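Open the model in your viewer and keep the selection tool at hand.

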Amino acid sequence: MKNWHTHVFTSTYTADVSGVCSMLYELGGMTVLHDPSGCNSTYTTHDEPRWYDSDSLMFISGLDEMTAVLGDDNVLIQDVVKAAADLKPRFITLCGASIPHIIAFDYRGAAKLIEKETGIPVLPVPTDGLRSYVSGCSLAMKAWIRRFGDRKAEKIKGRINLLGVTPIDFSNDENVNAMRRAMEDAGFSVRVFAMGESFEALTEVYAAECNVVVSSAGRGPAQYLWKTAGIPYVEGLPSGEIMVKRIADAIRKGGCTSVCQNYESDGKILVIGEEIFACTMASLVHGTPLWPDVDEGLDEDTLMEKMEQADIVIGDPLFQYGRKGNAKFVPFPHEGYSGRIFRDDIPVFTGIDFDIERFIRGKL
Amino acid sequence: MNGYQRIADMTYSYNADIGLSYSSPARGVWNIVHIGTLVPESHQIFVCPTSCLRGVVLTTAEMGAMDQMSTITVGEDNILEGNMEEELHDGVVKILSSLEKKPRMVMVFTSCIHHFLAVNYQRVYKILRKEYPDIDFVDCYMDPIMRRTSPPDPSLRRQITRVLRPLEQDSRSVNFIGNEFMTGENSDMYMHLVNQGMKVRDITRCSSYDEYLEMGSSCANITFHKAAAKAGRDLEVRIHQKWLPVRSAYDYDVIDADMKRVCQALNIPAPDADEIRKEREKTEAAAAEVCALLNGTPVSVDYTAVDEPLLFTLWLKRHGFTVESCFIENFTEDKEVFEALQKELPDLKVWSSLNWNMRRAERGHEGKITAIGQKAAYFNDTNHFVNVVESGDMYGYRGIRRMMELLKEAYLEEKDMRKLVQIKGWGCHCG
């Protein structure tokens, strides 16, 4: 019987709380993760390559049993107020894991009280520690745009936003720069949410003519911007010349579409990874994509079955544990899955120079 | 750097565990996964929400020990349907049916959410024990929300001993309980016991589960860390092995007293006055040599290297070292140690390593500094540091002399601090 909960051999994708921290990391805020302990060091150790060399603010609230039982939110509120007085962040984000979720912690209420005391904008991002980083990134980005996006910004011709960019999916600046360069060379003015951009630059979010969802973390904000401001979006990863052209054409054509859903699989190549990545690569190699569900991750039985049926499996090296069958394995590390373990082996997989077929040949 | 307090200005009740906390990149301290993997032929199953699983899974993956752990993810559906017990049971059954080799012991870690939802996991274990009579199931806890009353680390050090059963006691064998590192020539206790013909059993020396279970036949348990106290006390009550706690060993009189107490309890001769005198002389000479070498170069100590950093600081001060700063989480020493430092080293800078201000503290040090411990090294941004966690394999006079060797080496040679401190579970056998 299939059971998505149980993982005998395989790892787990990082959680929503890490997504929040990662998405807002470079924007000058202070993220407070409401949780007893552990989620902070997990994020800073495994999910955040920028932690050692920067001083962005991210803390754990240190929730304890009595505070949770008594529902004494004042402990958190006063700690955050004191820390904000010392550190003077530009804004504060409140997110949390499973205990605040089950005791129905009032994120919005606490945010309002902190904001009233500090005068600093506070974003409530009600994560629950049960879902994947895709959810956390998405909620955080939407909350930030809702609060700081300039709705009156004038449209800029050729301006696009790349949505869903964090080290969890893209690992390093090289990937971000290659993606940006590719789209700029295709004639667009680019804003990247949210790596390598200033707070001010991103407030121009509404100036874009189109959003490009480069990872599934960007889909939520893209839909939000479509719904609230009519900005269309294109889903696809600018990886390789063909895909960059497809995205550019789709942007110019207008409307909401995906350029990575037209894979015609012969079932021989399985691409495992984040949804937009997996679909993009699968569409380029006529493979089958497999990606984790936001709520349930990857069902291990399905994963094992599909790996067994394939001739070639492209995926994070940690998927090799417990694998059966004779498929050739092409290691393609993903920070969101294996964290820092294979960080140095993550290729520059965006931009026009990346060729997935050549990459596979090089690994076989 | 900024944000420290002079020890003279502090009160003993000062507690760094104030809630909102910072996590530094120094990651050498062991976590529960590292401790659990010490048990031979065991398997760990973590039952938690995704956010809690991530850290333990990747700890395991970094150790290359994915074949020793599995997970059961708690989802929203479990909360809504109230089927945590079924999920736990069915998940464990699935895991056991999938593993190529059945483990002898299964540690099932439940988490904070299980406490709050009043999950009856003991009933599940009861069923599992009936279904798998050849496997020892141990209830373990990754529940940091309970850390003020029962932190996960001491709890686990106790739980992994719960499988020890009362055997016929051997008066010539004794256990070291709660250690992370195998002890040997750098431990007075180990060397003395072995020289007296005693057999020393320690989980760090066990290569099979059967060998581990034989620890039930020792007549006494010696613990060296406060985190092992729960285990020592529990074994004394449960299987009637004497518990002999020894204290942090940077006070000669304490070392001698503890050695004597242990030897009396085991009916063996304690180190005699002549041996003690020689040990002290050798230790003093070692300290004097290193102190002369450092020649006033400041030293910084942290709580990850030794259990009682202020006690060690006091010892260093009394041996002529220039101790400038100490990084702590909270006070683990007796008040007398604190008060002695207030008098003898009033300008000692005490940093709360978890405090939010540490994130923006200016790392670095004007001029050379030698650090003892990873956090002291990180915050002082020095490559001259002693890379040790939880006192390593050191105890007693030999331990102090070993520490002096390490300090000398740290002063003379640089290490790749950035790389080393970020490795999780420093010195773990699987690392």
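Start with the largest cavity, which has a volume of about 220 Å³. Keep in mind throughout that this is a predicted model.

**Stop 1: the largest cavity.** Select Phe224(B), His225(B), Ser391(B), Met394(B) and Tyr395(B). Among the 21 lining residues, these lie nearest the centre of the largest cavity. Now colour the lining by class. Eight residues are nonpolar, eight are polar and five are charged. Which domains of chain B supply at least three residues each to this lining? Domain 1 (5-22 + 274-421) and domain 3 (170-270) of chain B do.

**Stop 2: the second largest cavity.** Move on to the second largest cavity, which holds about 170 Å³ of space. Select Thr12(A), Tyr13(A), Glu296(A), Gly297(A) and Leu298(A). They are the closest to its centre, out of 22 residues that line the second largest cavity. Next, show α14 (300-309) of chain A and β3 (69-73) of chain B. Each supplies at least two residues of the lining of the second largest cavity. By class, that lining has eight nonpolar, nine polar and five charged residues.

**Stop 3: the largest nonpolar core.** Leave the cavities and turn to packed side chains. The largest nonpolar core has 183 residues. Select Met30(A), Leu94(A), Trp144(A), Leu162(A), Ile272(A), Phe46(B) and Tyr212(B), the residues that touch the most other members of this core. Then show helix α7 (residues 133-148) of chain A. With nine residues, helix α7 of chain A gives the most to this core.

Zoom in on Tyr212(B). What does Tyr212(B) touch, not counting residues up to four places away in sequence? Its contacts are Val39(B), Pro40(B), Ile160(B), Thr161(B), Val163(B), Leu164(B), Ile203(B) and Cys206(B).

**Stop 4: a second core.** Select Met189(B), Val262(B), Ala305(B) and Cys326(B). They are included in a second, separate core of 65 residues.

**Stop 5: the domains of chain B.** Colour chain B by domain: domain 1 (5-22 + 274-421), domain 2 (40-159) and domain 3 (170-270). Draw a line between the C-alpha centres of domain 1 and domain 3 of chain B; these centres lie 26 Å apart. Now select the contacts between these two domains. On one side are 28 residues of domain 1 of chain B, and on the other are 26 residues of domain 3 of chain B. End by showing the largest cavity again, whose lining draws on both of these domains.

Technical notes:
Residues numbered from 1 in each chain as written. Chains lettered and ligands numbered in written order. Predicted model: local features only at pLDDT ≥ 70, side-chain atom pairs only at ≥ 80, totals over all residues. Heavy atoms only, no water. 1 Å grid on protein atoms, 1.4 Å probe; cavity = no way out; pocket = protein on both sides within 12 Å on 5 of 7 lines; lining within 4 Å. Points joined across faces, edges and corners; volume = space filled by probe spheres on them. Nonpolar A, V, L, I, M, F, W, Y, C, P; charged D, E, K, R; others polar. Domains from an automatic or database assignment. Helix = DSSP H or I, 4+ residues; strand = E, 2+ residues; numbered from the N terminus. Core = buried A, V, L, I, M, F, W, Y, C linked by side-chain atoms within 4.5 Å. Buried < 20%, exposed > 50% of the residue type's maximum accessible area, 1.4 Å probe, protein only. Contact = heavy atoms within 4.5 Å.
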